[in-house]
Structure formats: structure tokens, C-alpha cells
Amino acid sequence: MAGGDGDRARAPKRHKSSAPSRSIDETAELDYTDDVDDDVRDADREVKKRDFTKLELKPDHANRPLWACADGRIFLETFSPLYKQAYDFLIAIAEPVCRPESMHEYNLTPHSLYAAVSVGLETSTIISVMSKLSKTKLPREIIDFIHASTANYGKVKLVLKKNRYFVESPFPEVLKTLLKDDIICRARISPEDSVGAPSFTISKTAGEMASGHEDLLDGMELAAATEDKETHSFEIDPSQVENVKQRCLPNALNFPMLEEYDFRNDTVNPDLEMELKPQARPRPYQEKSLSKMFGNGRARSGIIVLPCGAGKSLVGVSAACRIKKSCLCLATNAVSVDQWAFQFKLWSTIKDEHISRFTSDNKEKFRGMAGVVVTTYNMVAFGGKRSEDSEKIIEEIRNREWGLLLMDEVHVVPAHMFRKVISITKSHCKLGLTATLVREDERITDLNFLIGPKLYEANWLDLVKGGFIANVQCAEVWCPMTKEFFAEYLKKENSKKKQVLYAMNPNKFRACEFLIRFHEQQRGDKIIVFADNLFALTSYAMKLRKPMIYGSTSHVERTRILHQFKNSSDVNTIFLSKVGDNSIDIPEANVIIQISSHAGSRRQEAQRLGRILRAKGKHQDRMAGGKEEYNAFFYSLVSTDTQEMYYSTKRQQFLIDQGYSFKVITSLPPPEELPNLKYYTLNDQLELLAQSLSARDDMIGIEHLEEDSDGKALMKARRSAGSMSAFSGSGGMVYMEYSTGKGKAGASKKPKDPSKRHYLFKKRYQ
Amino acid sequence: MVNAIKGLFISCDVPMAQFIVNLNASMPASDKFILHMLDPTHMFVQPHVADMIRSKISEFRDQNSYEKPS
């Protein structure tokens, strides 16, 4: 375990095959085999050392920021004066693997190059800029790889113009190749006058240059790149679009299509009157992400990745304001639907009657020809019978042609639901927003084809330095298991209860109590405590007398607790189960204590950190050297010598790759505080142990929400299997001595000191 | 009359002591190796088990530590 910390702090130097494990890559099977022969490779670690001596250093290498290796890995020195330009370029062409403070690692993959081409970079530009930035002569392999990967990407575009689909390309020979295909040929709508000869419509479009790279190119190249280009196109049957797109995928003709929406020339769909309000000033990185989307005056489909709290909603609203057409905005649950509707009203001049919400308990009709509709994925994808009202609205959604389909938190939605949503709604342009483009099931690849390539990804540490998101101190608190708990933990018959045992470890409880007390009293912070384990959640919350929210807490009670937490100075700590991971917006909180978590989910860890990333306080205080360099705290309490250590390290990987480092704290709570905390005596601890061991089976596991992180699941009645005794209320722990009422529960069991008794009652007992 | 037993003195932290106790308990009666439990962090065991305990502990620790796949 002692070694684990050192490993984490170190910038990883890894073998190439390790890199794709997190990045967008379709080589899932490949990864798998890599894992299998892990042992083999460990054995000959010596062989892994690569020889780079034959790379030629350029004479002025000190001024150049990149190291490019033949295997596609690129290292960027962040202290170089060219860092900013180089970063913008690299993020467009490569996949970030790990971004600690001074050295970033990137990986060139076919997908990342596809994304590069789709934002308007050309093969020659990629190679020339890269060779300018590289300290060494670009290895032959890299140049070949770039050529091979970009040869066909981006050559063909699918453009919706005046509601007609055109296949467009600057290369007529490519179009001819496509037309040789049976399906595409049949889908083509030929203009009546020119039968026979395969003539294409030729039009001129202003040549595009992705902004920001000009300064890296010579004047001549620049001139060449901005020349007008001729494009050739043919029209295809709208009903065949899906088939044509499929034929163009890499496994068939291998000319993946880019989708663009020429919204300025769209005269069919009515315009929506909305502008950004003057006080909405997009930050530099928000501008940049938008410029990637609207690079050539058209709207591209794709995904924008920004950390939580960095203002994803402003990007979404700005995009809608530029397109100025009907917009369908999809969120994950009812609470975030309200938040999106609010954001639209906050940032744009949209009239109230043009925005409508559509959730299970809030069905607002649309008015007018164009408008913004905010709803959840589930509402759209729902397959069962609907009420009459919602049937009408869904019909409306289906029939309408949407200018922009705005999708929030794209990483949480399963691929099949996406397919359904995308097939139901006809949209010209799709924009996905997310903070964490990782999935434990590695299904991120699907998003590439369903939505589009990743357009932009911000660097977390740069945003922290700029003061745009909070500077978080991450800490892992090591709590040793007590003797009795560890003895039970080791017993074979308790294998199912391990989770409860390490979550209920009295040392952990006391560390948690100490941290809450410290932050509440010394700093006046607002604290969220996360626990996935229901038993731990309820026990901690009751013992410490703090409000809690979990899956079956009613909507009314939730709103009340959150309101109190936001506004009252008496409620400074709340306990949340995993319902709080996504989208419950609690901007006030700045401390997170995590007492139990869902196995090794990197995404959950990042989402939880995101709850406190929204910057607070004055801007200058937050800058390095300011009054409050750290103003947010993320504690992860871990019972040492248990499985939790394994999961905890795994969970942190995503944040570590973003450049965060975890400080390990071993001496919490401090010894002089010990007697003031709960579970000080052995008897108390043993009682807790007995309670933990007798916890009912449905309490000890991780809470299962029926439809993960969806508002609907949280509100409707739930059906679950259980024993008769559990239903009748005679399940084990009911006889224990605490009431189920929250807050007042766990009240003192000792008889009260008569001197403290209220005077009215004093008489009675005299 | 003084009785002398040859053995091994182990000093470790509380959880590891519990791990060894648990290991001892899982053995058949003939293989039990703990001679004396001196206090929660010290024990006296039979001299030949050192390697076995070491390997069991390192196995246990490996299970609990995550190494980034490389």
C-alpha cells in the first residue's frame, strides 16, 4: 500500500498499448487481449524500454514544445511559450491520455484524427503544424499513420439545405466511387434535365481554416488554404439518409460522412427570435468550443467536453442562439429540466412563451412556430402507453424539424436510448455536452457515430489556473480498521457484508464526524457527504443528526432539504446517496466527504467532484497566491487493508489523468479530539458492529435506482421482492432503538440531567 | 523449572494481527501456529511459519491494491 501513493503521484510512463484503455478507440477487443497478456509483459519489462536515440533533434528544439513518438504518443511540455497554441492544436487532433501539471500525454488515434478532419483541419495542415511543433523530425510512421487515417475521413459531407439532403464533396472522383454503390445510387435524386451523365452540382464555398492555427503556418500555406474551394454535390432521398450513412461507415465504403447544417440558408424552418443577453459573456474556452462547432458558418454535430461547473449550459444556450431555430434540449431528469429552462431564460432573450418544459408532471404545450422544448431522455424514448396529453406533445416533437438537438450529460445515456431518441427526432444538428467522457463499459465509441466526433475538450488544470472553476484539494483519508471490525471482515461467512463493515468502520465514522465538525465550525463550509451504501447512509445521518436524501425520498422532501441547505445557516451538512451524483445543482457546497462509493467507477468520482467545482468567492482570491488558494475540499474516506483501497485507487484514475493529485492523510482525527467524537468506547463500537452485522440484506448493498439517475424512477412507487417479515416491519433492525424520523432520530438514550430540564417539566419530576 | 519454547516473535499493526489470527483459525487444529497472543500487536508463533505468513499477507495486499493497467 505504501507504494500505491508513490505510483499515483508519478506521471505515468507507459507502454503504448496501455493508452487506448481510456481513450476513444474502437479497439475494445484489442484492449482485452492486452489485459490478458499483462503478466507476460510484466515479466519482460526490460524489453519495454524503447530506444529513441535515432530520433533526430532539431537544432532549435528548445523552442519547440512537442515530443512525437513513432507509436502515436505525443508529449507536450506545458511550460513552453508555445503551449497555448500547441494545446489547441493537439486537443483537436489527438486524444488526451494524462494531463498533469508540466507534461501532457496525448495519443493519436483514428478517431481523434477523424474529429480533427471534421472540424476542418486537413491532412497536410496536421502534418505541417505537427512537424513545426515537434522537437524531432517527425517519424515516418506517424506521417503514414496520419495519411492513412485521414485519407477518407471528411471527404464527404452530408448537408441539409432547404430541407433537402445533399452529399457534398470537393472531390468529384469520391462522389463517383460512392455512386457505384447500389444503395447510394438508388437513393440519389437526379435532376431531370441531365439524365445519364453523372454531373454534380458545383458550388463555391469560402475555404475554411480552423482559427488559431494560422500563426503557425507560413504565409504561403495560409494563402493556399483560404482560397475558395469548389464543392461537388448530389441530392439524395431523405428517406434513404440513414441507409446511405450506414453504407459510408468504415466497415463498408469507408467514407464516413460529416453532417453539417447550413442554418443561415435554411428558409423553410421558421426562425426563433433569441439572442444572448449582453451580460452573458462566454469565457475564452467557451468561445473556443463554439468556434469549433461553427467553424465555417455552418453548424457541426459533435460533443463538447467541459468540466462540471465550467458553464456547459452557457455553451448550449449560445449554440441555440446562433442557430436561432427550434431547439430540443434533453436532460437526464426532471430537476435538470427545470435548470435548463432557467438557464435559457437567464442567458438569452427568449420569450417565456417560446420555451416549454415536458416532464412527467409538467406538460407544457408549445406555442408558436418555433421554440425551445426541454425534456428528459426517458420522456422521448419511453416505449409504453402514454397519457393523452403527452402523446400529443410527443407527436409534435416527432413531426417537427429541429434545428438543434441539445443533449446534456451524454455519457450517462445508454446507446440504445440514443438510437431511439435520434430516430424519433429529426434534427439538423446534434450537440452533446458532458464533463466526463468515460464509461466503465467503454461504450463511448458509440457516441462518435450517433452524435459526432468530439469537438472540444477543456483542460481542467488550465481552467483552475484561470480561476474559472474551483481549486480543489483532493485528499484520501486512510482510516485503519478497528480490531473487531477487521476480524469480522476477514471471516468467510461475512463476505457479503464486507461493504457494510468497511463503510461502518468506527475510525472512518470518527474521521467523518471530525471533518464535518471542523469544516462547519472553523470554516463555515457547506458539506455534502456521499454514501452509496444505504445502511451506512442512514446510520451516519441519524447518528450525526443530519438530513439525508436517497432514492425513495419524496420530491417534496428533497426540495425542502435542498432549500434549507441552500438558505439556512443551521443546515450545513447533507447526506446524499448516489441520487446526488448527477445534476442536483448545489452551488453552495464546497466540501465533499465520500464514505462509500460504487466500486471502481471513475465517472462517479469525477461527477461527485464536479458538485463542488463551480467557482465561488472573488476571482482574484482564487488565483494562485490569492487569499484562498484552495477553497474546495474533496475527501475520500478509505478503510485501509480492505477492498476499498483497490476501488479507491481505481476511481481516482480519471481525476489523476486530468492532473489532480490526491494527498494521503493518515492521522485523522487528531488524538486530542478522540474523546469528543462518537464511538469512543469499545462498547459503543461493539454495538455498532452488532448493528452492522444484523443489517438486512437489502440495506447492505449499493442502492439500486430503477432507472439510473432519472427523475421518474425517483418519484413513482417501487415494486420490490422481499421477505414477509421485512414487509410486516419485523425485519431485524426495526427493534433497534431509534425512530425512523429523520433529524430527531438517534436522540439521547441516557436519562436527562434534571438540572437541564425545562422548568415546566421540572415540577413534574420533583 | 523453566520451560523454553523456540518460536518467532511477530510485531505488526492491529489489522494485520487480526489477519494472522484469522489465518490461524482457518487452519486445521494440527497446523495452528500461534503459541501466545501477547497483546493486540504482538504474538509468538511457531518458528517455521514466517514465509507462509509473509506470502499470505502479500497476496492479501495485492488483492487490495489497484495497479493501473499498463
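**A walk through the predicted model**

Start with the open sheet of eight strands in chain A, ordered β15-β14-β16-β13-β18-β20-β12-β21, where the pairing is mixed. Two strands stand at its edges: β15 (362–363) and β21 (454–457) of chain A. Each has a single partner strand, so one side of each is left without a neighbour in the sheet. Inside the order, β13 (residues 327–331) sits beside β18 (residues 404–407) of chain A, and four bridges join them in the parallel sense. One pair to look for is A:Leu330, which stands opposite A:Met407 in β18(A).

This is a predicted model, and that matters for how it is read. Chain A has an average pLDDT of 74, and 73% of its residues score at least 70. Residues 193–198 of chain A fall below 50, and beyond near neighbours in sequence this stretch has four contacts in the model. Residues 205–228 of chain A are also below 50, with 36 contacts beyond near neighbours in sequence. Where pLDDT is low, predicted coordinates should not be read in detail.

Now take chain A as a whole. Its 766 residues include 45% that count as buried. The chain has 33 helices and 28 strands. Take the contacts in chain A between residues at least 6 apart in sequence: 78% of them join residues at least 24 apart.

A second open sheet in chain A has four strands. Their order is β1-β2-β4-β3, and the pairing is antiparallel. The edges here are β1 (66–68) and β3 (95–98) of chain A. Each has a single partner strand, so one side of each has no neighbour in the sheet. On average, neighbouring strands of this sheet are turned by 30 degrees against each other, direction ignored. Helix α5 (residues 83–93) of chain A lies across β1, β2, β3 and β4 (103–107) of chain A. Its direction is at about 160 degrees to β2(A).

Next, find strand β23 (residues 527–531) of chain A. Is it buried or exposed? Five of its five residues are buried, so β23(A) is largely enclosed by the rest of the structure. In a regular strand the side chains alternate between the two faces of the sheet. In β23(A), A:Ile527, A:Val529 and A:Ala531 point one way, while A:Ile528 and A:Phe530 point the other way. All of these are buried. β23(A) has parallel partners. Five bridges join β23(A) to β26 (residues 591–596) of chain A, and A:Ala531 stands opposite A:Ser596 there. Four bridges join β23(A) to β25 (residues 573–576) of chain A, again in the parallel sense. In that pairing, A:Val529 stands opposite A:Phe575.

Helix α29 (residues 682–693) of chain A comes next. At 1.5 Å a residue, its twelve residues should span 16 Å, and its end C-alpha atoms are 16 Å apart, which agrees. Buried in α29(A) are A:Gln685, A:Leu688 and A:Ser692. Seen down the helix axis, the buried residues of α29(A) fall within an arc of 60 degrees, so they line one face of the helix. They pack against α21, α22 (498–504) and α23 (506–523) of chain A. On the other side of α29(A), A:Asn683 and A:Ala690 are exposed.

Helix α1 (residues 14–26) of chain B has 13 residues, which at 1.5 Å a residue should span 18 Å; its end C-alpha atoms are 19 Å apart, which agrees. Its buried residues are B:Pro15, B:Ala17, B:Gln18, B:Phe19 and B:Ile20. What covers the buried residues of α1(B)? The cover includes α21 (483–490) of chain A, together with β1 (8–11), β3 (42–45) and α2 (50–64) of chain B.

Finish on a single residue. A:Ser131 lies in helix α7 (residues 123–133) of chain A. It has 17 C-beta neighbours inside 10 Å, so A:Ser131 counts as partly exposed. A:Arg64 is 67 residues away from A:Ser131 along the chain, yet their C-alpha atoms are separated by 9.8 Å.

Terms used
Residues are numbered from 1 along each chain as its sequence is written. Chains are lettered from A and ligands numbered from 1 in the order in which they are written. This is a predicted model: local features need pLDDT of at least 70, side-chain atom pairs count only at pLDDT 80 or more; totals for chains, interfaces and linings use all residues. A residue is buried if 20 or more other C-beta atoms lie within 10 Å of its own, exposed if 12 or fewer, and partly exposed in between; C-beta atoms are placed from the backbone. Two strands pair if DSSP finds at least two bridges between them. Two residues are in contact if their C-beta atoms, placed from the backbone, lie within 7 Å. The expected span of a helix is 1.5 Å times one less than its number of residues. Axes are lines fitted to C-alpha atoms, for helices over the stretch in contact, and angles run from 0 to 180 degrees between N-to-C directions. pLDDT is the predictor's confidence in each residue, from 0 to 100. The arc is that of the directions from the helix axis to the C-beta atoms.
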